[in-house]
Amino acid sequence: MNNWFKQIGLTLVLMFSAIGLAQAGSSQGAEQPVATDGQIWSQLKAGATGVTTSHGEFHNQPINTYDLRVLELRSDLLAPALTAALFGMIIIFVLFIKVNGISKLHGGFSGKLVYRWSKFDVSIHWLGAIPCLLLILTGLTLLAGRFFFQPYIGEGLWAGFVYAAKQVHDFMAIPFMLGWALMTTLWAKNQLPKMYDLKWMMVVGGYINFGPFKGKHPDAGFANAGEKLWFWAFAVFGLVISASGMLLLFPNLFEPSRTLSLIALVLHSVSAIIITAFSIVHIFMATVMSEGGMECMVSGYCDETWASQHHNLWFDEIKENGTLKYKD
Amino acid sequence: MATMKFLCDTKRCIECNGCVTACKNENDSALEWGIQRRRVVTINDGQPGEASISVACMHCTDAPCQAVCPANCFYKTEDGLTLHNKDTCIGCGYCLYACPFGAPQFPKKGAFGSRGKMDKCTFCAGGPEENHSDAERQKYGSNRIAEGKLPMCAELCATKSLLAGDAEIISSIYRERVAYRGSKNAIWG
């Protein structure tokens, strides 16, 4: 009986040790994967996400990697560029007018006012224009105010100022976008480029009062080449600035990633620089440079002399097809 | 002058969230509902290569939040900490976009960028208000640094995974640990 148990026991021991040896043999050679394998840092740098108890925004990702040159791009390039687009362009234009003089109407005002813009056109212009001016000033404060303004005022005043700038910037965005959308869609048909626009560009619209450009009056339709350039720049960069602005203004709706938000910030600034520079030119042209130009966006009518001098093709056309309408 | 830093040893972090609780408790006076200054993230959870790491503001020397802030509300302390002034903060959210660590948090996420005042880890060093004043406690929480103490999260870390202190000191502690572990797999990366 005892012997019998011994034999069974021995058999069992041999069996199990054989299985054990076989297992040991099979696991040798193939290297066991090590728990972390030195990869944690590279995984985190590559933006690995994980599990966390926190409900904070983006909290499941330890590190969000992006191109850090964005930071220098904003502070060293975009901020000075926007400042230059506003103040630099004003200085350049003032100097230009001092040297060159303005564009006078030949033979003075005729006193006869020609219908050019409807009341609706004038109102959508100002719907976009007034917010645009406020957006430029507050946007400049937000992008570059800390560099050129904050050092000269007190902490409390600066805090109030920059907060007001943000509020105005946020709320003026809506009427601006409305004005942009209406102007872009309703006015586009008069802004299509024509061959004579090239000639207009060659003589800079005839606004230069010296050298070979003096006294030139290039052809222009309802809009001249310069106005067309401004229109299309405004249409394109207005779209970019509106789209990027919406991302930043309604993070709750669009839920952009952090990197996308930074890209939106850069695109917003670049568009702002272009629109600002164009706006300054546009304002100077309308108010100072082109005598009689401002009247168009006040009453919607322009002087007959102004129409024939600056928009001869349009004036000829409306005379011909009978749509010429005088103010009574 | 010291340069204060956090360091989390992933070989020691056991995802107990003690640091999270310690932070929440210590700075409760300043924390609006839903704000969590420190969190523990576990990558590869339940798989080979699982690792937990405690994350909060890393008090960058070259802080991206400071670089993008339109209101310029960030400042560096003499201990090398990156702190901010909530009275100047306009709640635009740019710091949240720029911070690689997701440290800045806002009480709200509304339309028109109405996010409220940003809140983040202060290294338990309060803010620009007078040390231990009511205003400081209400806006920024505790100020242990002014008492010569280290942040609560690191002080209460049970495994001493989360280290806080002068960069040179904590890195030498960590280097020593790695040397004792004696394996190339025992280092952080």
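Visitor: What area is buried between chain A and chain B, and what share of that area do carbon and sulfur atoms give?

Guide: In this predicted model, the area buried between chain A and chain B is about 4,400 Å². Carbon and sulfur atoms give 57% of that area. On the side of chain A, E57(A), H59(A) and R146(A) lose the most area to chain B, together 14% of what that side buries.

Visitor: How many residues of chain A are in contact with chain B?

Guide: The number is 53 residues of chain A, and they meet 49 residues of chain B. A residue counts here if it has heavy atoms within 4.5 Å of the other chain.

Visitor: How do you know how many disulfides there are?

Guide: A search of the whole structure, over all chains, finds zero disulfides. Take C73(B): the nearest cysteine sulfur, that of C69(B), is 3.9 Å away.

Visitor: Why is C73(B) called buried?

Guide: C73(B) has 5% relative accessibility. Buried means under 20%, so C73(B) counts as buried. C99(B), with a relative accessible area of 8%, is called buried because that value is also under 20%.

Visitor: What does the secondary structure of chain A come to?

Guide: Chain A has 11 helices and three strands. From the N terminus on, the order is α-α-β-α-β-α-α-α-α-α-α-β-α-α. Of the 328 residues in chain A, 42% are buried. Among contacts in chain A between residues at least 6 apart in sequence, 79% join residues at least 24 apart.

Visitor: Where is K327(A) found?

Guide: K327(A) is in the segment after α11 (312-321) of chain A. K327(A) and K112(A) are 215 residues apart in sequence, yet 7.4 Å apart in space, C-alpha to C-alpha. Leaving out residues up to four places away in sequence, K327(A) touches L113(A), S299(A) and Y301(A).

Visitor: Why is K327(A) called partly exposed?

Guide: The relative accessible area of K327(A) is 44%. Buried would need under 20% and exposed over 50%, so K327(A) is partly exposed.

Visitor: What is the value of phi in F58(A)?

Guide: Phi of F58(A) is near 60°, a positive value in a residue other than glycine. Most residues other than glycine have a negative phi. F58(A) lies in the loop between β1 (51-52) and α3 of chain A. With a relative accessible area of 23%, F58(A) is partly exposed, because that value falls between 20% and 50%.

Visitor: What is the phi of N44(B)?

Guide: N44(B) has a positive phi of about 55°, although it is not a glycine. N44(B) is in the loop between β2 (39-43) and β3 (51-55) of chain B. The relative accessible area of N44(B) is 21%. Buried means under 20%, so N44(B) is partly exposed.

Visitor: How many cavities does a search of the whole structure find?

Guide: The search finds seven cavities of 30 Å³ or more. The space in the largest cavity is about 640 Å³. A space is called a cavity because a 1.4 Å probe fits in it but cannot get out.

Visitor: Which residues lie nearest the centre of the largest cavity?

Guide: They are L142(A), H169(A), L248(A), H268(A) and Y94(B), out of 33 lining residues. The largest share of that lining, seven residues, comes from α4(A). The lining of the largest cavity divides into 22 nonpolar, eight polar and three charged residues.

Visitor: How much space lies in the largest pocket?

Guide: The space in the largest pocket is about 1,200 Å³. A pocket is an open set of points, whereas a probe in a cavity cannot get out. The largest pocket is lined by 45 residues, and E227(A), W230(A), H282(A), I283(A) and M285(A) lie nearest its centre. α9(A) gives the most to this lining, with nine residues. By kind, the lining of the largest pocket has 31 nonpolar, 12 polar and two charged residues.

Note on methods
Residues numbered from 1 in each chain as written. Chains lettered and ligands numbered in written order. Predicted model: local features only at pLDDT ≥ 70, side-chain atom pairs only at ≥ 80, totals over all residues. Heavy atoms only, no water. 1 Å grid on protein atoms, 1.4 Å probe; cavity = no way out; pocket = protein on both sides within 12 Å on 5 of 7 lines; lining within 4 Å. Points joined across faces, edges and corners; volume = space filled by probe spheres on them. Helix = DSSP H or I, 4+ residues; strand = E, 2+ residues; numbered from the N terminus. Nonpolar A, V, L, I, M, F, W, Y, C, P; charged D, E, K, R; others polar. Disulfide = S-S within 2.5 Å. Buried < 20%, exposed > 50% of the residue type's maximum accessible area, 1.4 Å probe, protein only. Buried area = accessible area lost by both parts, 1.4 Å probe.
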